[in-house]
Amino acid sequence: MTVLRPTSRVRGAVLPLALCVGLVSALGACAADPDEGTNGVGRLDATVIEQKARKAADTAKAVRLSGTLVSKGGTYKLNMRLKQDGANGSVTTKNSTFELLRVGDALYLKADAGFWEHEDGAGGSAAPSGAAGSDGSGSGSGESGSDDAGSEAADTLGDKYVKVPEGDPSYKQLRGFTDMNLLLDGLIGLHGDLVKGDHDTIGGTRTINVRGGEDAMGGSLDVSLEGVPYPLRFARGGGAGVVILSEWDKDFPLAEPEKGQTLDYGKQLPRT
């Protein structure tokens, strides 16, 4: 029988303890630096992070924007692919869903017959110029003939790409959903004193948060810590919507619809 000396016993106990402490320290060191292995943006102050995110967005050629925006009392759910010379995707309001396609200045709207029959069309300020009033009275005549004409027009327009005339009041409003620069300028900007927030992961990508004020009433922006510091999520202050920004710089094809799928009503959309 071998008898261990006291010093041998102590050494035998201390060695595994030392290894354990070393492992814990190593793990703690990794956890203490969430920016290890990133693009380094998370180590910058909040103002510089926002500036880098803006610059990245400004130089990008394309992006997918999806989420919800609240504006002028209306709620819009967007799923748009955007680039400098056009866009395609869908917009959903409280009462309807419609598709938008823009190639250069040519803007097309596609929806089912129910959209064209609905009293507020594309919803609030984005409604086509001929949409009925909020009381459902259309032009105000109240005649059944008007309803019949509306149904006939809806049947004609349903599931067709209707070219939105540039002179129509709805053109500018609908085009706003397809304008990459306009949408990004309105979304990425934060207001108030900028504060750096927490690290997070969005779509598998590590991010750093920057917000306008401690309560984020000036908006909240999550910026990629991998590769180019693109903005990946934006929450508008006051609960006015959250959007996800993805597929940065991924090009996609754009082409005007075939003639058989298109209706052109000249200077103004038809009244329904």
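**Rings, a lysine and a helix face**

Modeller: F98, F115 and W116 form one aromatic cluster. The model is a predicted one.

Biologist: How many aromatic pairs does the structure hold?

Modeller: There are 4 aromatic pairs in the structure.

Biologist: What makes Y76 and F177 a tilted pair?

Modeller: A pair of aromatic rings is described by the distance of the centres and the angle of the planes. The ring centres of Y76 and F177 are 5.3 Å apart, and pairing requires centres within 6.5 Å. Their planes stand at 55°; stacked needs under 30 degrees and edge-to-face over 60.

Biologist: Where in the chain do Y76 and F177 lie?

Modeller: Y76 is in strand β2, while F177 is in the loop between α5 and α6. They are 101 residues apart, and the pair links distant parts of the chain. Both Y76 and F177 are buried.

Biologist: Why is the pair of F115 and W116 called edge-to-face?

Modeller: The planes of F115 and W116 are at 90°, and the cut-off for edge-to-face is over 60 degrees. The centres are 5.1 Å apart, within the 6.5 Å limit, so F115 and W116 count as an edge-to-face pair. F115 and W116 are both buried.

Biologist: How do you know whether K83 is buried or exposed?

Modeller: K83, in strand β2, has a relative accessible area of 10%. Buried means under 20%, so K83 is buried.

Biologist: What places K83 over the face of F252?

Modeller: K83 lies 4.9 Å from the ring centre of F252, and the limit for a charge over a ring is within 6 Å. The side chain of K83 also has a polar atom 2.5 Å from the backbone oxygen of F252; a polar contact requires within 3.5 Å. Residues touched by K83 include R102, M180 and D251.

Biologist: How do you know that the buried residues of α6 line one face of the helix?

Modeller: The buried residues are M180, L183, L184, L187 and I188. Viewed down the axis of α6, they fall within an arc of 105°, so they line one face. On the other side, L182 and G186 are exposed. The buried residues of α6 pack against several elements, among them α2, β1 and β2.

Biologist: What caps the N-terminal end of α6?

Modeller: D179 does, with a side-chain oxygen 3.2 Å from the backbone nitrogen of N181.

Conventions
Residues are numbered from 1 along each chain as its sequence is written. This is a predicted model: local features need pLDDT of at least 70, side-chain atom pairs count only at pLDDT 80 or more; totals for chains, interfaces and linings use all residues. Side-chain values use heavy atoms; hydrogens and water are left out. Rings of Phe, Tyr and Trp (its six-membered ring) pair if their centres lie within 6.5 Å; planes under 30 degrees apart count as stacked, over 60 as edge-to-face and the rest as tilted. Helices (H or I, at least four residues) and strands (E, at least two) are DSSP runs, numbered from the N terminus. Buried means under 20% relative accessible area, exposed over 50%, partly exposed in between (1.4 Å probe, protein chains only). A charge sits over a ring if NZ of Lys or CZ of Arg is within 6 Å of the ring centre and within 35 degrees of the ring normal. The arc is that of the directions from the helix axis to the C-beta atoms. Contact means heavy atoms within 4.5 Å. A polar contact is a pair of N or O atoms within 3.5 Å; within protein, one must be able to donate a hydrogen and the other to accept it, and residues adjacent in sequence count only if both atoms are side-chain atoms. Lists of a residue's contacts leave out its neighbours within four places in sequence.
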